[in-house]
Amino acid sequence: MSAIGVTGHQNIPAGALAYVTAGIRDLLGAFEPPVTGVGSLAAGADQLFAAVVADLGGRLDVVVPCDGYDAAFGTPADARRYRRLLSAAASVEWLPFPAPSEEAFMAAGIRVVERCSVLLAVWDGRPAAGRGGTADVVAHARSLGRPVHVLWPAGVTRS
């Protein structure tokens, strides 16, 4: 069974959504089923990835960065998706941070990388906006020699 980790942007422009969703489906489909998806269920890329893993009948392993993580979501809809996906997870690992923080998010990204054989990065190639962002997780994976598959449509920028 292959373990595919995910890191990615929370704000995916509407013009990139179909491309990203199809790319996630194509990448996961390239591995022998059942695939295991590993992520933190953040809004955006993580939740899209988890939904595709579930649609394909895969296993979802979740790394929760901290206590009170559900309060870190920007919208009630993102928080509801997080709770729904979390309840469907085959395994949940809770990291020992008392509240959402850049340190907790970076630790979760590191743990996702440790638990996967390939990392999918839904990433525009730009630097991280804060510690623990997509670029930081990609850099960590690459420093370990972990294969990283970057998925982002050409010509699309985030605001």
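Me: In strand 6, which residue is the bridge partner of Ala121?
Reply: Val150. Keep in mind that this is a predicted model.

Me: How many bridges join strand 5 to strand 6, and which way do the two run?
Reply: Four bridges, and the strands run parallel. Strand 6 covers residues 148–151.

Me: What about strand 1 and strand 5, how many bridges there?
Reply: Five, again with the strands running parallel. Strand 1 is residues 3–8. Within that pairing, Gly5 stands opposite Leu119.

Me: Strand 5 itself, then. How many of its residues are buried?
Reply: Five of five. The strand spans residues 118–122. Both of its faces are covered. Val118, Leu120 and Val122 are buried on one side, and Leu119 and Ala121 are buried on the other.

Me: What comes after that strand? Where is Gly125?
Reply: Gly125 sits in the loop between strand 5 and helix 5, the helix at 134–143.

Me: How far is Gly125 from Ala141 in space?
Reply: 14 Å, C-alpha to C-alpha. In sequence the two are 16 residues apart.

Me: Zooming out. What's the secondary structure count for the chain?
Reply: Five helices and six strands. Along the sequence the pattern reads β-α-β-α-β-α-β-α-β-α-β.

Me: Why call the chain as compact as a globular protein of that length?
Reply: Its radius of gyration is 14 Å, close to the 15 Å from the globule rule for 159 residues, so it is as compact as a globular protein of that length. The C-alpha atoms fill a box of roughly 35 × 35 × 35 Å along the principal axes.

Me: What share of the residues is buried?
Reply: 48% of the 159. The chain exposes about 7500 Å², and carbon and sulfur atoms supply 53% of that area.

Me: And contacts? What share comes from residues 24 or more positions apart?
Reply: 77%, taken over contacts with a separation of 6 or more.

Me: Charges: how many positive and negative side chains?
Reply: 13 positive and 14 negative. The centres of the two sets lie 3 Å apart.

Me: Switching to helix 2. Which residues are buried there?
Reply: Ala45, Asp46, Gln47, Phe49, Ala50, Val52 and Val53. The helix runs over residues 45–55.

Me: What do those buried residues pack against?
Reply: Quite a list. On the strand side there are strand 1, strand 2 (36–39), strand 3 (59–64) and strand 5. The helices are helix 1 (14–29) and helix 3 (76–88).

Me: Which residue with a positive phi follows helix 2?
Reply: Gly57, with phi near 75°.

Me: Which residue other than glycine has a positive phi near 65°?
Reply: Leu41. It lies in the loop between strand 2 and helix 2.

Me: Is Leu41 buried or exposed?
Reply: Buried. Its relative accessible area is 2%, and the cut-off for buried is under 20%.

Me: Last one, backbone geometry. Is the peptide bond from Pro33 to Pro34 cis or trans?
Reply: Cis, with omega near -5°. Pro34 lies in the loop between helix 1 and strand 2.

Technical notes
Residues are numbered from 1 along each chain as its sequence is written. This is a predicted model: local features need pLDDT of at least 70, side-chain atom pairs count only at pLDDT 80 or more; totals for chains, interfaces and linings use all residues. Side-chain values use heavy atoms; hydrogens and water are left out. The radius of gyration is taken over C-alpha atoms; the globule rule is 2.2 Å times the number of residues to the power 0.38. Buried means under 20% relative accessible area, exposed over 50%, partly exposed in between (1.4 Å probe, protein chains only). Contact means heavy atoms within 4.5 Å. Accessible areas come from the Shrake-Rupley method with a 1.4 Å probe; for residues, only the protein chains shown count as cover. Lys and Arg count as positive and Asp and Glu as negative; His and the chain ends are not counted. The place of a charge is taken as NZ of Lys, CZ of Arg, CG of Asp or CD of Glu. Two strands pair if DSSP finds at least two bridges between them.
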